Amino acid sequence: DRFVAVDTDSGMVRWSKKRGDKPSMGRSIPLSEVVDVLHGRDCSVVFKKHLPAAVVDELCFSLVTKDRTLDLKAQDKATAQAWMAFFENVARKNSLKMPQQSADQQNADRKSV
């Protein structure tokens, strides 16, 4: 398990092994790089491989950036919904800031992932 927090001062998503630990810079993702939020345990190879089957699908989500994915599992459904709504809003705002690609280029990018 990880403790995850959003640092609004630096615009980073940070995580550590437990609450109170100070995460290193390597354990962070800039909010400005979040481009999508995927829902459910099936969206991640890590989830499929390491989470017990009893873990509820609604608790799992993944933050997607150009270079990496951060897989997260909330403690309860309400917390998961709040986090997903927040990060979906971030991804939506980020998409408005990005230069628009052609539909062909976007599809090619998705296929290469």
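Reader: What pLDDT does the protein average, and what share of the residues score at least 70?

Author: The term pLDDT is the predictor's confidence in each residue, from 0 to 100; here the protein averages 80, and 67% of the residues score at least 70. This is a predicted model, in which local features need pLDDT of at least 70 and side-chain atom pairs count only at pLDDT 80 or more, while totals for chains, interfaces and linings use all residues. Residues are numbered from 1 along each chain as its sequence is written, and side-chain values use heavy atoms, with hydrogens and water left out.

Reader: Where is confidence lowest, and where is it highest?

Author: Where pLDDT is low, the predicted coordinates should not be read in detail. In this protein the lowest confidence falls in helix H3 (residues 103-112), with a mean of 52, and the highest in H2, at 94.

Reader: How many helices and strands are there, and what pattern do they follow along the sequence?

Author: Helices (H or I, at least four residues) and strands (E, at least two) are DSSP runs, numbered from the N terminus. The protein has three helices and six strands, and along the sequence they give the pattern β-β-β-β-α-β-β-α-α.

Reader: Which strands form the open sheet, and in what order?

Author: Two strands pair if DSSP finds at least two bridges between them. Here three strands form an open sheet in the order E1-E2-E3, with antiparallel pairing. Strand E1 (3-7) and strand E3 (28-30) each have a single partner strand and stand at the edges, so one side of each is left without a neighbour in the sheet. From one strand to the next, the twist averages 15°, where axes are lines fitted to C-alpha atoms, for helices over the stretch in contact, and angles run from 0 to 180 degrees between N-to-C directions. Strand E2 (residues 12-16) is joined to E3 by three bridges, and Met12 has Pro30 as its bridge partner in E3.

Reader: Which helix packs on the sheet, and which strands is it touching?

Author: Contact means heavy atoms within 4.5 Å. Helix H2 (residues 77-97) packs on the sheet and touches E1 and E2, its direction making about 40° with that of E1.

Reader: Is Asn94 buried or exposed?

Author: Buried means under 20% relative accessible area, exposed over 50%, and partly exposed in between (1.4 Å probe, protein chains only). Asn94, in helix H2, counts as buried at 6% relative accessibility, and, leaving aside residues up to four places away in sequence, Asn94 touches Leu31, Ser32, Glu33 and Val34. Asn89, also found in helix H2, is partly exposed at 32%.
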